[in-house]
Amino acid sequence: MTPHIVFLGTGLMGAPMARRLITAGHRVTVWNRDTSKAQALQADGATVATSPAQAVANADIVFTMLTDGAAVENVLFTQGTAEALKNGAVVVDCSSIAPDVARDHACRLDNFNVRHVDCPVSGGVVGATEGTLALMAGGTPETIAQIAPVMDSLGRLTHVGPSGAGQVCKLANQQIVAITIGALAEAMMLVEAGGADRGKFRDAIRGGFAESRILELHGARMVQRNFVPGGPSRLQLKDLDAVMDLAQAQGLTLPLSQDVHDAFSDFVAGGHGETDHSGLLLHIEQLNSPQAGTATTEDRA
């Protein structure tokens, strides 16, 4: 029998993920705090609920894709969603939140006989749309095996460990993304200062050891100066805050992560919270030349 799926949070990432599930033939009910974002999925075949508790009635699998741990806490527990879930339901939290918060949610849901998988994703809006996301799942092997067929339409699922492990891996992923964006932004500055063309530089190193999705997608954004958010810098900073908190708790010194955290902190404090994280280039430009770093209205779009 086809499972009844609910998707709570249909923003930049949630909407294309929900569409992938609908296209795969699943019955999908959606809810979003901004009702218009949920209603936009009706044309795709989704059923729209007026509250998260209403949405999850009789649901087999409930996805959450929300801003942060506080938002997940509010939707699951403050709004009575946990109590509305049926025994044996599975909550798959695709939000990027702190590992200890994910483990706390798993324990609290267990009191309602509801299973929990922390399954943050990587791949951005493009990956969500194309069904090529990297899905990092923390939880029991049995629960993850149960949801695996549903996850096939979203991307590549990997069981990375027990509860909370998915979020740890997502933080490590965000370390790599942020540091690589910073390295690429600095490289763009260097090649231009040395007389080379940024676009030609990107073309030249494609296929070499520096090849990556960051070079492909964010490098193109930097060349085109297109910083419309796919991944807002405020969310990149939120993840880096969690990286540094975890590092401190584990007694780790992570100098590269600290440097890029501080750069994103300054960038967001300067009014670029909604700028795509590839826009860190603007911050590096500002450090090198106040005139070059003055973002135009188009850059901030």
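Buried residues, meaning those under 20% relative accessible area with a 1.4 Å probe and protein chains only (exposed is over 50%, partly exposed in between), make up 49% of the 301 residues in the protein. This is a predicted model, in which local features need pLDDT of at least 70 and side-chain atom pairs count only at pLDDT 80 or more, while totals for chains, interfaces and linings use all residues. Residues are numbered from 1 along each chain as its sequence is written, and side-chain values use heavy atoms, with hydrogens and water left out.

Switch to a cartoon view, where the protein shows 15 helices and nine strands, these being DSSP runs (H or I of at least four residues for helices, E of at least two for strands) numbered from the N terminus. The C-alpha trace spans about 65 × 45 × 35 Å along its principal axes.

Next, select strand E8 (133–138), which is largely enclosed by the rest of the structure because five of its six residues are buried. On one pairing, two bridges join E8 to strand E7 (residues 121–122) in an antiparallel arrangement, with strands taken as paired if DSSP finds at least two bridges between them. On another, six bridges join E8 to strand E9 (residues 155–161), and these two strands run parallel.

Which residues have the most contacts inside the largest nonpolar core? Select Met17, Phe63 and Val92, which hold that place in a core of 31 residues; such a core is a set of buried Ala, Val, Leu, Ile, Met, Phe, Trp, Tyr and Cys residues joined through side-chain atoms within 4.5 Å. Among the elements that give two or more residues to this core are helix H1 (14–23), strand E8 and helix H8 (141–151), and H1 gives the most, with five residues. Leaving aside neighbours within four places in sequence, Met17 is in contact (heavy atoms within 4.5 Å) with residues including Phe7, Cys94, Val121 and Leu133. A second, separate core of 23 residues can be found by selecting Val191, Phe201, Leu240 and Val260, which it includes.

Finally, centre on Thr81 in helix H5 (residues 81–84), which counts as buried because its relative accessibility is 0%. A polar atom of the Thr81 side chain lies 2.5 Å from the backbone oxygen of Val75. Beyond its neighbours within four places in sequence, Thr81 is in contact with Leu8, Pro52, Ala53, Val56, Val75 and Leu76.

Notes
Polar contact = N/O pair within 3.5 Å; in protein donor to acceptor, adjacent residues only side chain to side chain.
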